[in-house]
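Here are a few notes on one stretch of the model, jotted down as I went through it. Have a look at the structure alongside them.

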Amino acid sequence: MIQETYHSLVHRLRAASADLLAAYPAAEPALHRVRDSCARLFVDTTRLRTRLRHTAPTNPYRIYRVDPETVTDSISWQELSVDKGEAIPDPFGLPNYHFAGRVLDGDWDTDRRPFSESVIYRSFRARFEAGVSWSETDLYAQCLDVIDDGGAPWGCTTPADLDRRCQGIDRLYERVDAEGYRTQTEILESGADEPFDHARPNRYTRTVDGEIALAVGRDGELLFYDGRNRLAVAKLLDLETVPVVILARHSQWQAVRDRVASGETPLVDLPERLQSHPDLVDLAG
């Protein structure tokens with residue numbers, strides 16, 4: 001009951017902010033500053049709690065390097081709809097900062113689907129490997145359906161908006177192919193004008209709200225959560241590694257981290273697939 005009330009309050013506040021921006025567009029910078037300050041406070045409070053409770057505290061600001069091919073399953077929405085949240089597991093029904101750095105119980109890590117079956121990956125592959133036009137992809141068709149239902153996929157409210165967004169995806173793919181994959185911090189520092197640039201001059205949005213975001217399941221599985229455009233591009237370009245953040249961890253996995261950090265469980269005593277796990281290697285010793 002408490003969780004439902006809290007979720008309802010957050011969604012009402014977000015709706016009120018959207019209405020305010022629609023009426024007073026000039027208020028956007030101030031609202032972003034307030035939102036980002038609240039988000040940083042929320043995340044830093046979570047970090048403090050995990051530091052007090054765990055031998056291996058979490059750090060949602062940390063950038064990890066992972067092989068995109070090791071991220072095969074997704075726990076977030078796969079297809080587009082007016083309410084994309086309907087397919088997201090319970091703990092993740094709020095903006096990312098609400099669960100960044102948290103340790104979560106439950107079965108949220110078992111309800112997963114292959115990332116390769118998502119509409120984004122299917123459509124990106126059709127576009128960049130088979131050369132089909134965007135208008136012939138499942139993604140484009142689903143976006144038009146959502147627009148017709150009154151939604152705004154990717155912030156698009158008209159077919160013309162959608163066409164411009166697709167052109168931005170083309171530029172993103174070409175940029176990463178030509179220049180390599182950059183972190184949000186690198187984008188910010190370069191001053192480059194990049195499609196889908198989430199970078200703003202603050203620490204929170206450069207990482208938690210901009211990089212590819214993963215969660216870690218009970219057995220150490222790297223599960224995709226956010227940043228599907230970038231992950232799809234990285235996979236299709238066969239990049240060796242990409243920067244990611246880890247938003248949340250299953251409590252059973254966190255227990256493994258704590259035992260490794262305390263020295264109770266040496267890395268060599270774990271299954272071989274975990275001995276080089278990016279969420280463990282810096283904890284040993």
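Which residue in E6 does Ala213 stand opposite? Asp226.

1. Ground rules first. This is a predicted model, where local features need pLDDT of at least 70, side-chain atom pairs count only at pLDDT 80 or more, and totals for chains, interfaces and linings use all residues. Numbering runs from 1 along each chain as its sequence is written, and side-chain values use heavy atoms, with hydrogens and water left out.

2. Strand E5 covers residues 212–216, and five of its five residues are buried (buried means under 20% relative accessible area with a 1.4 Å probe, protein chains only). Ile212, Leu214 and Val216 point one way, while Ala213 and Ala215 point the other way. Helices (H or I, at least four residues) and strands (E, at least two) are DSSP runs, numbered from the N terminus.

3. E5 has two partners to look at here. With E6 (residues 222–226) the pairing is antiparallel over four bridges; with E7 (residues 242–250) it is parallel over five bridges. Two strands pair if DSSP finds at least two bridges between them. On the E7 side, Ile212 has Val244 as its bridge partner.

4. Now helix H8 (residues 228–236): it is largely enclosed by the rest of the structure, because nine of its nine residues are buried. Arg228, Arg230 and Lys235 are among them. The buried residues pack against H3, H5, H6, E5, E6 and E7 (contact means heavy atoms within 4.5 Å). After H8 comes Asp238, with a positive phi near 55°.

Definitions and conventions
Buried < 20%, exposed > 50% of the residue type's maximum accessible area, 1.4 Å probe, protein only.
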